[in-house]
Amino acid sequence: MRRIRARLSAAWLLAGVFALPVPAAIAQTRATLPGSVVEAASIGGAERSQIDAFVAALAPAASGAESEEATRARKELVAPLTGTRPSVAFRQAYAQSAASLLAGMIGSNEPGARLAGLRLAGHLGTGDTVSMIRQALTDSDAGVRLFAAVQAGRVFEVTNAAGPALTESQAAQLIDALKASANADSGAKHAQTVIRALGSAAQMRLRELPGTRSHALAALSAVATDRARGIKPAELLASEETLLLATSIATRSVSEAGTTVSDAAAKAAAELGGQILAITLTRQTQNMMGSDLEADIRLLNAGESLIYFARRRQVENARGNPNSVPQTRLAELLLAQDRGFRNELVRLIGPGSDFLRQFGLPNDRFVK
């Protein structure tokens, strides 16, 4: 157990902890790795020795107390992973060479060392480093949890760009850990960070990780739906940014042509859309909407679109005709303050609706 733990604020984490100014003399690189090693399809003994030497040269300063020298060394450790296209074999070999260093940095009482370790783990994106990020998502410090969520998203970005250095099971475990970290008390900033991280996974098209896209989409939708269900209708607009972020990512994931999305993921996305429409219905029936309907229209349109594309996806999965899914005009009706708005909305998400039957949802799921 650590006897001392520095408290880290989320604002400080996102303000550029790794962008401290470094004098030119100190910034000169002492250790380098040639591109031929970083991009190598396989790593032999000679390449392994170069990687080991690179890590050994930077480890003392990188794991030391806060200083300009430590900042420079930490940046150099990440540099090979950002300036070129690091191969899967290189990332795996690098993670093995840096295993002890990473464990020491992430377990350090020095805030900068902990964050630098997590940052390196995110850029490596291997099964072993993902485990470290998962553990940090349960840290007692909210700032560490937030930064770990950022790095979880980086893992999926790196995996998409440079190939998977982790298994589908390890990717699923990281998705589940992200989902679990976004509880009701986590705050909007953490929720948005988790949604973005899951969104990176929900865009996966890699044949090596065929189920990751659906798993992430379902998790993202569940996180946003849980938050939506906890929102008081009168306070809906305060959560507009989070909900619009989630619906935008979910819609893009469920509707992208040439991808596979499971029925379970399509259903989770549809429930998110339905939950937003249910809150909008309550706001309208209880006269909570002001004269300016702009924000309500944005949310209504987002929820309506997500339901439409989720329904199309489910029909496609069943080898039906996706063009059979009807388009609704809810946002248009609300904007015109048409009296038929409420009836049209209840017809879509209320008891006995085709939408509820399609996804096997109970009649009272959205309208009691």
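This briefing walks through a protein structure, from its overall build to a few selected residues.

The structure is a predicted model, in which local features need pLDDT of at least 70 and side-chain atom pairs count only at pLDDT 80 or more, while totals for chains, interfaces and linings use all residues. Residues are numbered from 1 along each chain as its sequence is written, and side-chain values use heavy atoms, with hydrogens and water left out.

The protein has 19 helices and zero strands. Helices (H or I, at least four residues) and strands (E, at least two) are DSSP runs, numbered from the N terminus.

**The whole protein**

- Along the principal axes, the C-alpha atoms fill a box of roughly 70 × 45 × 35 Å.
- Of the 368 residues, 52% count as buried. Here buried means under 20% relative accessible area, exposed means over 50%, and partly exposed is in between, using a 1.4 Å probe and protein chains only.
- Contact means heavy atoms within 4.5 Å. Among contacts between residues at least 6 apart in sequence, 73% join residues at least 24 apart.

**The largest pocket**

- A pocket is found on a 1 Å grid over the protein atoms alone, as an open set of points where a 1.4 Å probe fits, with protein on both sides within 12 Å along at least five of seven lines; lining residues have an atom within 4 Å of a point.
- The largest pocket holds about 380 Å³ of space. Its volume is the space filled by probe spheres set on the points, which are joined across faces, edges and corners.
- The lining of the largest pocket is made of 20 residues, and those nearest its centre are Ala184, Asp226, Arg227, Ile231 and Ser239. Two or more lining residues come from each of helix 11 (168–181), helix 12 (187–201), helix 13 (212–229) and helix 14 (240–255).
- Helix 13 gives the most to this lining, with four residues.
- By type, the lining has nine nonpolar, five polar and six charged residues. Ala, Val, Leu, Ile, Met, Phe, Trp, Tyr, Cys and Pro count as nonpolar, Asp, Glu, Lys and Arg as charged, and the others, Gly among them, as polar.

- Helix 13 has 18 residues and reaches 26 Å from its first C-alpha to its last, close to the 26 Å expected at 1.5 Å a residue. The expected span is 1.5 Å times one less than the number of residues.
- Buried residues of helix 13 include Thr212, Leu217, Leu220, Val223 and Ala228. Helix 11, helix 12, helix 14 and helix 15 are among the elements that cover the buried residues of helix 13.
- Helix 8 (residues 111–124) has 13 of its 14 residues buried, so it is largely enclosed by the rest of the structure.
- The end C-alpha atoms of helix 8 are 20 Å apart, which agrees with the 20 Å that its 14 residues should span at 1.5 Å a residue.
- Just after helix 8, Gly125 takes a positive phi of about 60°.

- Asp296 sits in helix 16 (residues 294–317) and counts as buried, at 2% relative accessibility.
- The side chains of Asp296 and Arg283 are joined by a polar contact of 2.7 Å. A polar contact is a pair of N or O atoms within 3.5 Å; within protein, one must be able to donate a hydrogen and the other to accept it, and residues adjacent in sequence count only if both atoms are side-chain atoms.
- Leaving aside neighbours within four places in sequence, Asp296 is in contact with Leu236, Leu237, Arg283, Met289 and Leu334.
- Ile297, also found in helix 16, is buried at 15% relative accessibility. Not counting residues up to four places away in sequence, Ile297 touches Ala331, Leu334 and Leu335.
- Ser97 lies in helix 6 (residues 88–97), and a polar contact of 2.5 Å joins its side chain to that of Asp52.

**Two loop residues with positive phi**

- Asn287 lies in the loop between helix 15 (263–285) and helix 16. Although Asn287 is not a glycine, it has a positive phi of about 55°, and it is exposed, with a relative accessible area of 70%.
- Arg319 is in the loop between helix 16 and helix 17 (330–335). Arg319 is not a glycine either, yet has a positive phi of about 60°; at 80% relative accessibility, Arg319 counts as exposed.
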